[in-house]
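Here are a few friendly notes to read alongside the model. Take them one at a time, and look up each residue as you go.

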Amino acid sequence: MERIESHACSGGRQEVWRHRSQVLDCEMRFGIYLPPQVEQKSCPVLYWLSGLTCTEQNFITKAGAQRYAAEHGVILVAPDTSPRGADVADAEGYDLGQGAGFYLNATQAPWSAHYRMHDHVVEELPALVQANFPATGARAISGHSMGGHGALVLALRNPGRYRSVSAFSPIVAPSQVPWGEKAFGAYLGEDRAAWKAWDACALIANASERLPLLVDQGSEDEFLAAQLQPERLRDACAAAGHPLELRLQPGYDHSYYFIASFIGEHVAHHAAALRD
């Protein structure tokens with residue numbers, strides 16, 4: 001591992017690290033915010049998954065989450081959104097390939113050689129964090145857009161792994177909207193039945209853990225009707241009796257201005273669940 005950035009921030013340190021991922025078979029980066037409390041004790045970790053086109057930089061520079069993490073004594077970890085490098089498969093456009101990993105394990109060539117973001121986020125990265133930083137085993141997960149999809153799906157697929165989950169503007173039913181159909185068709189093949197294993201609305205029906213879902217969605221989001229469709233998650237949770245707090249925020253769009261406006265409430269939500 002190599003530290004490539006370190007900045008004083010809200011009494012702690014915002015760092016960026018580069019490392020070789022064995023799971024993804026490429027060099028990767030992640031941002032980590034270490035609150036001031038790590039000087040005295042190990043702290044729980046909130047993992048943040050970003051959306052299409054993002055890197056580890058978007059969240060750490062735009063969300064303003066560090067001040068809240070410092071207040072609550074929570075480590076923030078923000079991985080990249082896909083494998084990277086000249087040898088990693090890519091595609092034209094912003095919604096497939098590098099920058100668009102969709103937090104799944106690809107099964108189709110050429111994607112399957114590197115695109116195993118589920119295993120990277122769920123297993124490899126937490127092991128790396130716990131081995132190299134003062135982090136406890138208590139974990140929470142959140143994300144935005146494609147990353148909101150990732151947060152919901154990773155929590156639903158891995159009961160007991162996370163103490164809390166939340167999302168901003170998530171793609172709740174990727175198997176039924178254009179972004180997801182394009183990505184799933186490439187990464188997973190044309191068998192739509194296989195797509196359900198990576199679709200939050202499909203996973204809700206058989207979820208063995210009733211981890212409450214906190215979702216914020218802006219009413220003026222330009223992707224609301226075509227790509228996000230939060231009513232599908234509302235209906236799936238109602239049918240399954242799964243706890244959901246879905247908040248439609250009037251006037252807000254899909255941007256980090258929206259995330260910055262409510263990230264403090266999300267960090268507080270996770271901090272409450274992460275307390276021993």
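1. A salt bridge here is a side-chain nitrogen of Lys or Arg within 4 Å of a carboxyl oxygen of Asp or Glu. Please keep in mind that this is a predicted model, where local features need pLDDT of at least 70, side-chain atom pairs count only at pLDDT 80 or more, and totals for chains, interfaces and linings use all residues. Residues are numbered from 1 along each chain as its sequence is written, and side-chain values use heavy atoms, leaving out hydrogens and water.

2. Glutamate 15 makes a salt bridge with arginine 3, with the closest N and O atoms 3.1 Å apart. Glutamate 15 sits in strand E2 (residues 12-21) and arginine 3 in strand E1 (residues 2-9), so the pair ties together parts twelve residues apart in sequence. Strands (E, at least two residues) and helices (H or I, at least four) are DSSP runs, numbered from the N terminus.

3. Is glutamate 15 buried or exposed? Glutamate 15 is buried, at 5% relative accessible area, while arginine 3 is partly exposed, at 47%. Buried means under 20%, exposed over 50%, and partly exposed in between (1.4 Å probe, protein chains only).

4. The whole structure has eleven salt bridges. One of them joins aspartate 80 to arginine 84, at 2.8 Å between the closest N and O atoms.

5. Now for the nonpolar cores (buried Ala, Val, Leu, Ile, Met, Phe, Trp, Tyr and Cys residues joined through side-chain atoms within 4.5 Å). The largest has 67 residues, and Phe102 and Tyr187 have the most contacts inside it. Helix H4 (residues 146-157) gives this core its largest share, seven residues.
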